[in-house]
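The stops below are given in the order to select them.

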Amino acid sequence: MEIKSDLADISDTLLRPDLVECRALDKDRPMRDSKTFGLIARGGLVCYALVHLLVAWLAAQVALGDQAKADKAGALQMVVAEGGAWLLWLIAAGLAVLALWQLSEAITGHRHVKARRRVVRRTVSGIEVVLYGLVSYSAVKIAVAGADDGQGSLVAEILAESYGQVLVTVAGIGVVVVAVFLAQRGIRKTFVRELDFGGASGAARTTTIRLGQIGWIALAAAYGTVGVLTVTAAVTFDPAKASGLDAALKTLAAQPYGGPMLLALAAGIAAFGAFALLDARFRKI
C-alpha cells in the first residue's frame, strides 16, 4: 500500500508542470519578481512613449513647413529647452533600466519557449537594447550639454576615416534590415506575444493591437528612410545626407505630396507613442 501511495505522489507531481518547470521559469524571469523593477520598467516605457509622441508632433511641424529638428534628439532638446533637464535624466534612467532588462533577456532569457523561437525572441530583445540605449544616451548627452548642443555628425566623423565608407554602408544596410524586421513585427502582430491582456476588456485589447500594427509599420518606414539615406551618404561621400531622422523627415517633406505623406507618418509615429503607453500597462515584466 505504501508503494502505491508513493507512486501516486510521484504521478501527481509529474502531472503538474508548474512544479516541474518552476526552477526553469524562475531562472528565466529573475527580474520579474521585483515590484520595484516592474514599476521602473513601466515608467521607462512611458518615457519611451513620450519621446515618440514628441517626435510625431515635431514631424507634423516639418510637414507644415517648420524646419526645426524633428528627430529624437530634437524632441529631447525641446524638453530641456523648456526647463525639463530633470525630465531628461528621468527618461535616461528609465530607458537605461529597460536596456539592461532587455540585455538580460537577450543573453539568458526566453528559456520557456522552443529553441528556434528563443533565438528570434532574444534577437528582438537585442534590437530593443539598441533602441532603448540610444535614446537613453541621447537624453544624457543633451541633459549635460543643454538645448544648444552643437553635436557634429557622427556619420561625418566616421566617413573621415579610411574605413568610413564601408562601415557607414554596412550600418545603413543594417538599419534597413531592422526596418524590415519592425515592419513584419507590425504586419504579423508578433509584438502581442510580449503582452498580457489578463483582465483587459475586448476594446482595450483591440485598440492596443491596432495601434501597435500601425505604429510598428510607421516606425519601420521612418527607420527605412534613415537607412537608405545613410547608404546614400556613404556611396556619394556626402555626410549631410545622413543626419538621422531629422534629414529623413525633411527629405520626405521635399517630395511631391511630401506634406501629406509626412503627416501620415507623423500620425503613425503618434500611434506608436500611444501604443507604447498601453505597452507600459500590458507588457509582461
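Helices here are DSSP runs of H or I with at least four residues, and strands are runs of E with at least two, numbered from the N terminus. The model is predicted, so that local features need pLDDT of at least 70, side-chain atom pairs count only at pLDDT 80 or more, and totals for chains, interfaces and linings use all residues. Residues are numbered from 1 along each chain as its sequence is written, and side-chain values use heavy atoms, with hydrogens and water left out.

Select residues 35–63, helix α4. Its 29 residues reach 42 Å from first C-alpha to last, close to the expected 42 Å (1.5 Å times one less than the number of residues). G65 follows α4 and has a positive phi, near 110 degrees.

Next, select S136 in helix α7, residues 115–145. S136 counts as buried because its relative accessibility is 8% (buried is under 20%, exposed over 50%, partly exposed in between, with a 1.4 Å probe and protein chains only). Beyond neighbours within four places in sequence, S136 contacts A92, L95 and A96 (heavy atoms within 4.5 Å).

Now show the second largest pocket, with about 500 Å³ of space. A pocket is an open set of points on a 1 Å grid over the protein atoms alone, where a 1.4 Å probe fits, with protein on both sides within 12 Å along at least five of seven lines; lining residues have an atom within 4 Å of a point. The volume is the space filled by probe spheres set on the points, which are joined across faces, edges and corners. Of its 23 lining residues, H110, R117, R121, R193 and E194 are the closest to the centre. Helix α7 gives the most to this lining, seven residues.
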